[in-house]
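Here is my note for you to read beside the model. Take the points in order.

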Amino acid sequence: MTFNDYFPNVQVLSATSSHGRREKMTERLNQVNIKFDYWLSAPLPIYSHLINAVRVFHQLRQDMQLRNSILTFPFELSATLSHLSVIKMAKDNNWDNVFIFEDDTMVLKDFNEKANMICSGLVTW
């Protein structure tokens, strides 16, 4: 079976400004014959009010010497929102599953072989 047989819905998260990353990722996934679509995240300024809140939280975290806090940097917030958006899209479209790559994922030449070994052991509930 192919990777897309296991995961017919493959999304690659990418910032709208990351043209170079998308070119490289397209090349990587094409080399291993994976069909995919890009999910372009909104530019960070759209989330500016949230980002400012995260920055304040991060400063408080540093001031109070807190550890293991969630969403400490703006890019983490953006990535989290992108992942959640893809999961919502999958739910809205009644997809059984979705596989999410980041646009800087390294894809090894033996990716399909390793993925097939892992996916063939998955249990369908």
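1. Start with a term. Buried means under 20% relative accessible area, exposed means over 50%, and partly exposed lies in between (1.4 Å probe, protein chains only). At 4% relative accessibility, glutamine 11 therefore counts as buried.

2. Now the ground rules. This is a predicted model: local features need pLDDT of at least 70, side-chain atom pairs count only at pLDDT 80 or more, and totals for chains, interfaces and linings use all residues. Residues are numbered from 1 along each chain as its sequence is written, and side-chain values use heavy atoms, leaving out hydrogens and water.

3. Next, the sheet. Strands (E, at least two residues) and helices (H or I, at least four) are DSSP runs, numbered from the N terminus. Two strands pair if DSSP finds at least two bridges between them. Three strands form an open sheet in the order S2-S1-S3, with parallel pairing. Strand S2 (37–41) and strand S3 (99–102) are the edges, each pairing on one side only.

4. Look at one pair. Strand S1 (residues 10–15) joins S2 in the parallel sense over five bridges. Serine 14 has leucine 40 in S2 as its bridge partner.

5. Back to glutamine 11. This residue lies in strand S1. Contact means heavy atoms within 4.5 Å.

6. Not counting residues up to four places away in sequence, valine 10 touches Phe3, Ile34 and Phe101, among others.
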